[in-house]
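Thanks for coming, everyone. I'll walk you through one structure and a few of its residues.

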Amino acid sequence: MVAGEDKYWYNLRTGKVERGFESPAIDRVGPFDTEEEAAAAPKLLAERSRAWAEEEAAEDAWGSPSGDDEAGTAAR
């Protein structure tokens, strides 16, 4: 048995939960242990995307000038 064959997957193209490798890999996300977890995949993906975007924004802002940085303090 191939790993993931007995797991659940969410098909991004059809919006349906599948068991095993019913559709091409490009169309599915997972694996999930239960059908319920797979059905919640869109919500999970949205939460992760939001968290990654917030992390990237924080990294992009790192080192940018602000009112409390060293340069602002040195100018006083």
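First, a definition. A polar contact here is a pair of N or O atoms within 3.5 Å; within protein, one must be able to donate a hydrogen and the other to accept it. Keep in mind that this is a predicted model.

Let's start with Asn11. Where is it? Asn11 sits in strand β1, residues 8-11. Is Asn11 buried or exposed? Asn11 has a relative accessible area of 1%. Buried means under 20%, so Asn11 is buried.

Now its side chain. Which side chains does Asn11 contact? One is Glu18: a polar contact of 2.8 Å joins the two side chains. Another is Ser23, where the side-chain polar contact with Asn11 is 3.2 Å.

Next, Lys7. Lys7 lies in the segment before β1. Its relative accessible area is 26%. Now look at Asp33. Along the chain, Lys7 and Asp33 are 26 residues apart.

Last stop, helix α2. This helix covers residues 41-61, and Glu55 is in it. How accessible is Glu55? Its relative accessibility is 47%, so Glu55 counts as partly exposed. Glu55 also belongs to a surface patch. Which residues form that patch? They are Glu54, Glu55, Glu56, Glu59 and Asp60, and the patch is negative.

Please find each of them on the screen.

Key:
Residues numbered from 1 in each chain as written. Predicted model: local features only at pLDDT ≥ 70, side-chain atom pairs only at ≥ 80, totals over all residues. Heavy atoms only, no water. Patch = residues over 30% accessible without salt bridge, like charges linked within 9 Å, V, L, I, M, F, W, Y side chains within 5 Å. Areas by Shrake-Rupley, 256 points an atom, 1.4 Å probe, with all protein chains shown as cover. Salt bridge = Lys/Arg side-chain N within 4 Å of Asp/Glu carboxyl O. Lys, Arg positive; Asp, Glu negative; His and termini not counted. Charge placed at Lys NZ, Arg CZ, Asp CG, Glu CD. Helix = DSSP H or I, 4+ residues; strand = E, 2+ residues; numbered from the N terminus. Buried < 20%, exposed > 50% of the residue type's maximum accessible area, 1.4 Å probe, protein only.
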